[in-house]
Amino acid sequence: MSAPSGQETLPTNKAPKINVAAARRRQRAGEVWREFCSNRSGLIGLVVLAIVIGLALLAPILAPAETLDVTRITAGQNEPPSWANPLGTDPSGRSVLAMLIWGARVSLLVGFSATAVSMVIGTVVGMAAGHFTGWTQAALMRLIDFFLVVPGLVLAIVLSSIIGPGVTTIIVAIGITSWAGTARIVRSQTLTVESRAYIERSWALGASNAHIIRKHVLPAVMPLVLANTTLTVGSAVIAESTLSFLGLGDPSSISWGSMLKMALDTGAATGGFWWYVLSPGLAIVGVVLCFTLVGRALESVINPTLRGR
Amino acid sequence: MSASQLVGAETAKDLDEPGRGTSWLRYVAMKAGGSLFSLVMVVLLGFFAFRILPGDPVRSLADGRQVTAEQMDILRKQYGLDQPVIAQFWRYLTDLFRGNLGDSYTYNRPVMELILDRLGPTLLLTGTAAALSVVLGLWLGQRTAWRRGSMFDKAHTGIALTLWSVPTFWLGLLMLLIFGGTLHWFPTGGMVTAGSTATGLAYVWDVARHLTLPMLTMVAVVYAQYLMVMRASLLEEMSADYLVTARAKGLREDQVRRKHAVPNALLPTVTLIFLTLGGLIGGAVTVETVFSWPGLGYLTFQALSAPDFPLLQGTFVVFSSIVIIMNFFADILYRVLDPRLRTA
Amino acid sequence: MAFHETTEKLTPHSGAKGKPRRRLAAAVLAVSLAMAPLAVAPAANAATETPGTGTILKLALTGDIDSLNPFKAILASSTSILGLEYQSLVAYGPKNNEEIPGMADKWETSPDGKVWTFHMPKDRKWSDGEPITAKDAEWTFKAIQTNDALKQANGGLLESVASVQATDDETLILTLNEPQAPNPGTQLPIMPAHIWSKVPDPATFTNEKDSVGSGPFVISNYDKTSGVTLKANPNYWQGKAKIAGITYVPYKNTDAAVQALKTGEIDIVSSLTPAQYNALKNVDGITTNAGAGRRYQAIGINPGTQTHDGTPMGDGNPALHDLKVRQAIVMAIDNKTLLEKVMQGLGQPATGEVPAAYPLYHWDTKDLPLKYNVTAANALLDEAGYAKGSDGIRVDKQGAPLKLRLMGRNTDPTHQQMADYIKPWLKEIGIDVSTVMKSSAQVNDDSTVGNFDLYFTGWGMGPDPDFQLSINTCASRPNADGTGATSENNFCDPAYDAIYKAQHVELDQTKRSALVSQAQEMIHKSAVNDVMYYANSLEAYRSDKFAPFTTQPELGGVITSQNGPWSFYYATPMADVSSTNATSGGFNAAFVVVPLVIVLLAGGGFVLYRRRRTTSDERE
């Protein structure tokens, strides 16, 4: 098969050819979707995630920012759940439910952004390590190995102390410490792809490194990276809460991690305010589980040898 | 702990790396070289990363206390902080070669001594947790794989994945509140009963009781990855031709499993176990904090808040070296175990 | 050793391989089995008694121990332990932090305040039986003066001492560089010369085992895993304590410590949060104590930081150089609400830096010049020429919106809680505030070199206010690189320096108290340090094991972290110690019931879901 390279960018003249490529792609996407739907737990995870993301997006409507302004609050401090505040109130009298919804925004933002950072670094380094040979490869491999073995949490702690507090810091810290796994997967996949005959033919036709990577390797590794990414989001959400727990988070933005931290710091656990301790924790468990289920489902769809797991 | 470990076989060492034809010697040399490189990186990073940490250690020591400017100057001189960074680096390197990690600012004691003090408890905690979760994970992994699609499989995969999604410190706190505070089954923290002078069996018993909650917390969160990898690689093995042959020869199912499938499936899992040890040790930071466990993880965290450069460097170098060396062994072990590589 | 059993049970290769079909909960069961034998072990609150020696008081040690060498120990937990073992020449009494005899029983000052003579009684002994003499005190002072390595902990206390001399075993003469009112014999722990002069290097001596002291308790052992144990000193001059000893049990988080108090593993917990304090209030066998705090909580306002020689430094907002802006900010912050909401009312309203716990030097006024008044604050800003823009935010003299940064520590949850209130309050007077919480070390750095607009600050203090006042003088400003002296808020006013100097040498108590109040009023009016409240020190103890503790001061005082060993020295065990039982008080069913319900619901849902679709897929 000749590589369908570059056609999408010129959609005017060679119309029939594009349609074939696009249609094949659409068809493949449809297949993936159908296979994904047949994985019940993955589907449940996806639906729950969609709901959570929806809630997070609708936060300003569901719980207007004013409801979190402590100077205008009428509810008592640390109130148990009631009809007015279904998940009780925090030590400042804010509704825990409202905070949970707002917290979803930051937690998911951290999760997705950190994963994006990790995915980009991981994919680039992984593809380069697989594609190039000699010194470049050796150096990159050592780099990957190093990040793979250094205790991630310790490194993240160091990073976040250096850059200073804030959501960006957490994103960077998590991103930088979690890309090595992705890089390793991408590298193996790159090696597999590049050993195929059509790549050799491309080489023979004088294709450049950039061309091969962009047109052949990247599309081939992307599905695997995506599945892996979904799993990483879950890890990042947990990592955010762990960093917050260790006092390296950003207390001034409400996230599930910073809520838990505040709950523990103010003694909510022993004070008996279970609604404040359990709600953010359960939210994290639920969302992380959903990401894991979706990730596994995606993976088994993309990598047929894993089917049935 | 990286998420990708839940994916399974891919994360295990890729087979293509040191080609099958390479000789033993070359293989070991390559791996040793890689480990050495990582160690050097750790040593460099250990020094320079912490130097750019914000915060004047001396001013932090003086925080909120009656300290004169002269006193602070004396301290800076004592710690060598008045010298240029490059001179400090040279001192760090030369000391390191003599096995000296410097003196801690906060504790006024050699870092090596402090680390050795806490290394035991950390190894005890992570060691028992690792052993139990590996055993639990592998056992459940092979059973779930063998009975794929059954209620047993679904329930265990579900439980494992759910526990894997729990933030460790939060689970630890709940365990502490439930089993320590409310039910009074276990002590609420520490490694031995305070002030106890017990020795011998009584001491072991005391430590075991203190160890239970932190260890179970760690096990609950990490065993899922072993379960998943074992399950995945066993499933892969089970579709292999030789098993069909084995069955055809009339071997009983559990013999097929025990003699053929499981040993082969263990291979990718072993490497993974070594790879995850780093994550385990890192995870000890939060568990140690929740359960007041007198270990290395908590020491690291304490050192950060000072910031106590020598102590930070020391714990970082020790932590990372343990993992790097473990990894090196994993590579060697892999070579020893993998029949395909061995024949070369 | 239950683990080995468990391990075997779980290992497929070991022993009984018979049962092929272990069902659903096999692993769960195995884990519970592993826990069961441990669970029936001796009740958690095993023994508060050590055979034959009497009651041991167990304290939660939530802070860190840096060293138990008095020359080196800096952290609060270490110094408070050492305060039980070593006395100073002069002590602070339990009644009202008054100066009372310590190692010296009398002292007098020369009329010019430069020469202080301390008389030490003859027949007192160290815990090992050696006599205590003025030579011990002389050795301690001189050791610190002559060896830089020993200056770490207490060098600052000796700055004013020119010479020290023991004229005989009972008389110690301190000559000061200049006259001073604060007693120079109060804080320095006096150490046994016969021990410490013989150790090869006093700076590296750990002093962790069978240590010798003069106070009511001496350290018998420090173990990283099991904590610090002290035993009663039979030679303490006021008589042996009623308890046999004290054990400090390390706890890394207060939630665990509170649980341990409930189960009886420890007897006293301090540094409670208001929520924990309130939760412990109604628990059987536990009594809570909210002692008057020795610490003020404030917001520092950057008046334009300068170095020691007056060169401007830092990146503070120039609008804050204007006294009126600073005053308006102070007036816009409702300290009463903060105390009410953040501390749940557990504290006292503040005036100046010296807390109400020290009435001698506390600035006692009912009518604060800059009390909470939003209207007046707005009027002040209007008058000063900061007009409000269309968005309600005022513009500064350069026409830029008035935006300030509020910095706090991420280690202290109250900072974020207060920031949540202060942000909208300052918006009311047209100032836009952004908050950022940083690590403690970073806050120390930034506040020293003036890289802030507003930040949360606070100091704990001893009974004498001299040091607290000294860090507001012009001389306390740092060097450009942040080294040098420590200034509280980079305040500098020659008039204030004059008052500081005057109180420093004023030997008449009434006059000195008045001067100290005046100094605090000056700081208040210049609006560089808005003192918001004095938080109470929240503590709880097992009242079924111990009689109520002596607090300092006597009324409404603290139990732990006293200036002196009194609460523990006077600690009295209840007669029926043996009847202690782990109270089921404070059983918090919610933490068991709620997760249980969730697990049941999830499990039930799962089973139902499976039921519906299940056929015979359980068969292999």
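Q: What kind of model is it, and how are things numbered?
A: It is a predicted model: local features need pLDDT of at least 70, side-chain atom pairs count only at pLDDT 80 or more, and totals for chains, interfaces and linings use all residues. Residues are numbered from 1 along each chain as its sequence is written, with chains lettered from A and ligands numbered from 1 in the order in which they are written.

Q: How many helices and strands does chain B have?
A: Chain B has 13 helices and 0 strands. Helices (H or I, at least four residues) and strands (E, at least two) are DSSP runs, numbered from the N terminus.

Q: And what share of chain B is buried?
A: Of its 344 residues, 57% count as buried. Buried means 20 or more other C-beta atoms within 10 Å of the residue's own, exposed means 12 or fewer, and partly exposed is in between, with C-beta atoms placed from the backbone.

Q: Which residues touch the most other members in the largest nonpolar core?
A: B:Val219 and C:Ala60 do, in a core of 326 residues. Helix 8 (residues 200-238) of chain B gives the most to this core, with 19 residues. A nonpolar core is a set of buried Ala, Val, Leu, Ile, Met, Phe, Trp, Tyr and Cys residues joined through C-beta atoms within 7 Å.

Q: What does B:Val219 touch?
A: Leaving out residues up to four places away in sequence, B:Val219 touches B:Ala129, B:Leu132, B:Ser133 and B:Leu136. Contact means C-beta atoms, placed from the backbone, within 7 Å.

Q: Switching to chain C: is helix 8 mostly covered or uncovered?
A: Helix 8 (residues 274-281) of chain C is mostly covered, with 6 of its 8 residues buried. Among them are C:Pro274, C:Tyr277 and C:Leu280.

Q: What covers the buried ones?
A: The cover includes helix 12 (268-271) of chain A, along with helix 7 (254-263), strand 13 (286-291) and strand 20 (537-542) of chain C.

Q: How many residues of chains A and C are in contact?
A: 27 residues of chain A are in contact with 31 residues of chain C. On the chain A side, the largest share, 4 residues, comes from helix 12 of chain A.

Q: What are the domains of chain C?
A: Chain C is divided into domain 1 (21-211 + 537-619) and domain 2 (296-535), with bounds from an automatic or database domain assignment. Their contact takes 13 residues from domain 1 and 13 residues from domain 2.

Terms used
Two residues are in contact if their C-beta atoms, placed from the backbone, lie within 7 Å.
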